[in-house]
Amino acid sequence: MKILIDNGHGKETPGKRSPVWPDGSQLYEYEFNRDIARRVYAVLTARGVDCELIVSEICDISLAERVRRVNKIARVVGPSNCLLVSIHANAGGGTGWEAWTSIGQTEADNYATIFYEEAARAFPEKRMRKDMPDGDPDKEENFYILKHTSCPTVLTENFFMDTKDDCKLIFSGSGRQRVADMHVAAIVRCIEYHNNK
Ligand SMILES: [Zn+2]
């Protein structure tokens, strides 16, 4: 199985940042997403997992280009043998962790359920934001990267950068390592699930 890691947004993307906190600190989402992506990539590669970073650039790569890169790889490996994980930080004043997949019952839902289990295990003190009416916890939307990728895609929203306690968590090195370790644990389980299908 091939694991593809996407880190959303670029250095110049407007809006994708926390407020300036009283101590003068401000979290930029592009930097957080890339830091988590790099940590996840490093551990997976060291474990021998076939893993690729879709966006090595620091600038914003358009969704169309990111999808083109993903689908090019998926064509070679076979879409069902790929899993794309798109890493983000949330905004809008809530709290907790959530994941998104495309609309409808797809293989991505099964992968997302594994992510929710690992997120709940890694962050027992944090709220898991679920959407249960369709029988699984993930939220579903026609986000471009979910809809247009040919392989299963899970988009993770790793806490709220505009909520003080959440932002403090994802600002800290230890918090970031927990987020990265949680992704690694989920991805390793997704690979096992895929290989045993
Ligand atoms: Zn984002």
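Predicted model: local features only at pLDDT ≥ 70, side-chain atom pairs only at ≥ 80, totals over all residues.
**Stop one: the zinc ion.** Select the zinc ion and bring up His 9, Glu 29 and His 88: these are its protein donors, through NE2, OE and ND1 respectively, at 2.1 to 2.2 Å. Along the chain, the donors follow the spacing H-x19-E-x58-H. Now colour by secondary structure. His 9 sits in the loop between β1 (2-7) and α1 (29-46), while His 88 belongs to strand β3 (residues 82-90), so this pair ties together parts 79 residues apart in sequence.

**Stop two: Trp 100 and Phe 143.** Next come the aromatics; the structure has five aromatic pairs. Pick Trp 100 and Phe 143, whose ring centres are 5.0 Å apart with the planes at 50°, so call this pair tilted. Trp 100 is in strand β4 (residues 97-101) and Phe 143 in the loop between β5 (139-140) and α4 (144-147), so the contact joins parts 43 residues apart in sequence. Trp 100 is buried at 15% relative accessible area, whereas Phe 143 is partly exposed at 31%.

**Stop three: Phe 123 and Phe 159.** Here the ring centres lie 4.8 Å apart and the planes meet at 70°; over 60 counts as edge-to-face, so that is the label for Phe 123 and Phe 159. Buried or exposed, what is Phe 159? Phe 159 is buried, with a relative accessible area of 0%, and Phe 123 is buried too, at 1%.

How values were computed:
Residues numbered from 1 in each chain as written. Heavy atoms only, no water. Phe/Tyr/Trp six-rings, centres within 6.5 Å; stacked < 30°, edge-to-face > 60°. Helix = DSSP H or I, 4+ residues; strand = E, 2+ residues; numbered from the N terminus. Buried < 20%, exposed > 50% of the residue type's maximum accessible area, 1.4 Å probe, protein only. Donors = N, O, S within 2.8 Å, 3.2 Å for Na, K, Ca; no water.
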